[in-house]
Amino acid sequence: MSAVEDPGGLLEGEALSTEWDVMVLYREPYGPVRACGAAGLRGLALEEFGPVSEPVPYRGRRGIITYWPVASREQTVVCGSLRQWRLAVELDFEPAWVAFSAGPVELRWRAGGRERRWRPDFVACTAGGVREVLVLKPPGEESLPTAKLQVLKAVAQAAGWRVRQVREPSGLRGRNLAWLAGYRFPADYEDGQEQALLEAFREPRGLRVGVAASGLDELTGLDLAYRMLWQRRLLFDDSQPLLPDAVAWTA
């Protein structure tokens, strides 16, 4: 179902050795850029911080910077690519994560006589209070390059994070989430309309059929139904396109 996969990498008590002395940069909200060692990240709510600096398009390529207002928090996440944007939609939709930020930390280390810089895609906090660093797998690859992953694991171990390599939602799931995202913010409805929809979808049925059974007019009812799908008060089969006849049911 989800484009997000099982966390990988760190094992409880695993010892990682690295030749790199990693310096970490981050920016507190409305504050200056700060630098520290990896252990200095422990306990920092980076999922609430903005990016170290505004992302820029890849050198030599056209890039798209997007600003994603999070549905459940007064926060705007700055995404430096469409792949990041698609993953932001997923993180906002999935209740497993309660907060997330794109590129809030930059890792710097030396290897091969050169300084390396890298910003993992997201830092997120799970509903269980676990802080995770999420990185997008390179297209067509099953994992990050080994050297980069070793640095990330070493930093994560010192910071108390969990590492998760993921893919952004794509195909039908990606299209469904992008559609629902347009309905992610609440709107005012008359008393009883939400309950009428919940009652109408006690049994699985098509959206238009359920709206008609609820007594709401079609435009109002579909608008509210899509908002309730985003809120997971109504559920749907995400292997099917979210057309007006898509089957939904009460959570």
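Two strands count as paired if DSSP finds at least two bridges between them. Strand 1 (residues 23-27) and strand 2 meet this with five bridges, in the antiparallel sense. The model is predicted. Its protein chain holds six helices and 13 strands, and 46% of its 251 residues are buried. Of the contacts between residues at least 6 apart in sequence, 61% join residues at least 24 apart.

- Four strands in the order 2-1-6-7 make an open sheet with antiparallel pairing.
- The edges are strand 2 (33-37) and strand 7 (114-118); each has a single partner strand, so one side of each is left without a neighbour in the sheet.
- On average, neighbouring strands of this sheet are turned by 25° against each other, direction ignored.
- Where strand 1 pairs with strand 2, Leu 25 stands opposite Ala 35 of strand 2.
- Helix 2 packs on this sheet and touches strand 6 (105-111) and strand 7. The direction of helix 2 makes about 120° with that of strand 6.

- Strand 9 (residues 131-136) runs parallel to strand 10, and five bridges join the two.
- Leu 134 is placed opposite Arg 164, a residue of strand 10.

**Helix 4 and helix 5**

- The axes of helix 4 (residues 193-200) and helix 5 (residues 207-214) come within 8 Å and cross at roughly 120°.
- Because of that angle, helix 4 is oblique to helix 5.
- The crossing of helix 4 past helix 5 is right-handed.
- On the helix 4 side, Ala 196, Leu 197 and Ala 200 meet Gly 210, Val 211, Ala 213 and Ser 214 of helix 5.
- By type, the residues of this contact divide into five nonpolar, two polar and no charged.

Notes
Residues are numbered from 1 along each chain as its sequence is written. This is a predicted model: local features need pLDDT of at least 70, side-chain atom pairs count only at pLDDT 80 or more; totals for chains, interfaces and linings use all residues. Side-chain values use heavy atoms; hydrogens and water are left out. Axes are lines fitted to C-alpha atoms, for helices over the stretch in contact, and angles run from 0 to 180 degrees between N-to-C directions. Angles under 35 degrees count as roughly parallel, over 145 as roughly antiparallel, 65 to 115 as roughly perpendicular and the rest as oblique. A crossing is left-handed if the near helix is turned anticlockwise from the far one by less than a right angle, and right-handed if clockwise. Contact means heavy atoms within 4.5 Å. Ala, Val, Leu, Ile, Met, Phe, Trp, Tyr, Cys and Pro count as nonpolar, Asp, Glu, Lys and Arg as charged, and the others, Gly among them, as polar. Buried means under 20% relative accessible area, exposed over 50%, partly exposed in between (1.4 Å probe, protein chains only).
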